[in-house]
Each structure stands twice: as C-alpha cells, then as structure tokens.
Amino acid sequence: MTTKKTDKKELSISEKLEQLSMLQSIDSSIDEIKILRGELPLEVQDLEDEVEGLTTRLENFQNEVDEKKENISKQNEVKKEADLLIKKYEKDQMKVRNNREFDAINKELEYQKLEIELADKKIREAEHFIDDQKSNVSGTKSRIKERKATLKQKKSELEDIIKKTEKDEQKLDRKKVKIKKEVEERLLFAYERIRSNSRNGLAVVEINRGACGGCFNKVTSQQELEVRNRKKILVCEHCGRIFISSKGDKE
Ligand SMILES: [Zn+2]
C-alpha cells in the first residue's frame, strides 16, 4: 500500500512522536538481543585463551619429562662404561708388579665407583622430578578436559542464541532502516545523541507516576498534561530524553 515518495509528507506532532516511540522500541529490542548474548562471546574467548595456555604448559611439562628421561639413559650409559672400566682395572690389579702400580689402579677404581654413585644420584633426582611432574601433567590434563567441556557448552549456547536471534535481528535492522528514513532529520539526530549518552539506551520515555521514565526526576503536572496533549515535543529538563505519553493515555 505504501508509495515511495522522495519528499517526506508533513506529519503531525503526534505522528512524529509515534515514529520516535517505534524507533525506540526497535532499538530496545536490538539492545535486548545483545544483552542476551551478553558476556558469552567474551567468555568463549577467555576459555579459548585458557585452553591454549594450559596446552602450552602441558607441552612444557612433557618436554621437561622427556629431557629428564633422556638424562637418565645418559647416566645409565655412564654407569655401563664405568662398570666396564672397573672390570678392566680389577683384572689389571691381578697383574701388578708393585704397590705403586696397585695404588694407581686403585685410584682409578675409586674414581669409577664415585662416577657410578654420582650417576645413581642424578638418576634418582631425575626420577623424583618425573614423579612430581606426573601430578602436574595429570592435573593440567584434567583441567584442560574440564575447560574444554565448558568451552564446548558455552560455544553451543552462543551459537543457539545467535541462531535464534539472527532472523529477529535482521528483521529489526530492516525495520529500523525503514523508519529512520521517515523520521525528521532533526529529531533523528536528537534521538541518536540522547541514546548514545544514555546508559540504558533510552532516548524516548514515558512519564511514570509523575516522574521521567529515564532519570526518574519529577515532572510537573503542567508538563505531564502537555505531553498527554501531544501538541508539542517535550523533553525532560534533567536528562533531555523525549517524552511520549503512555499507551493508556490515548483518548
Ligand atoms: Zn529525565
């Protein structure tokens, strides 16, 4: 039924207010959708970061364990070599011709025995470290598992909300574009400015129990009457929001 006209037809104050009221209700519905998504996008991002951090930590733990395991096999090699030398020196000792030679070999023997003791000590330390790290590894693993489960749940919650609200949001956006074209530029500018300054996104409010519906400051009964008459556009003298008469006021 609507015919497209380039020039806007002159609207009555009442009609202008009606447009602003519609624009406000569209904007409020869009705001609600955003509130519904709320912290979810942020929570999902945080969880993803946390899982990534934990995975890096787990890798570090495992690298340290691998390093210690490598160290243990190195120490076992040291022990093997020392064992071979000890056997060789013990044979050599049988063939010595004097005390000096015996003592010299004995020194080598002592040295190799100390090498074995030292290697054993290093192995014990490494094993101890690996044991400790086992609980870190399993703790981190279960933390990752738990966080991943929460992430999965939050992600699907967010996807659900997006899926459910996508169409509504697109519909609202289209409505908004349409009505914005119809609203007088000067009023639209004022509306956008008030809305951007208001925390709850309300630029158009009703008067409730003699108070502004936006900032709750008292409104005089004269102002209230004028709002009800819809002969001119009134704004709250405290917050600047545009007043509309409540639905029940329609004559
Ligand atoms: Zn106010």
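Glutamine 93 lies in helix H2, where helices are DSSP runs of H or I with at least four residues, numbered from the N terminus. With a relative accessibility of 15%, glutamine 93 counts as buried, because buried means under 20% relative accessible area, exposed over 50%, and partly exposed in between, using a 1.4 Å probe and protein chains only. Between glutamine 93 and aspartate 83 there are ten residues in sequence and 15 Å in space, taken C-alpha to C-alpha. This is a predicted model, in which local features need pLDDT of at least 70 and side-chain atom pairs count only at pLDDT 80 or more, while totals for chains, interfaces and linings use all residues. Residues are numbered from 1 along each chain as its sequence is written, and side-chain values use heavy atoms, with hydrogens and water left out.

Helix H2, which covers residues 40-94, also holds glutamate 70, and this glutamate counts as exposed at 52% relative accessibility.

Turning to helix H4, which spans residues 185-197, one finds tyrosine 191, a buried residue whose relative accessible area is 0%.

Cysteine 215 is partly exposed, its relative accessible area being 23%, whereas cysteine 236 is buried with a value of 4%. A search of the whole structure finds zero disulfides, a disulfide being a pair of cysteine sulfur atoms within 2.5 Å.

Technical notes
Helix = DSSP H or I, 4+ residues; strand = E, 2+ residues; numbered from the N terminus.
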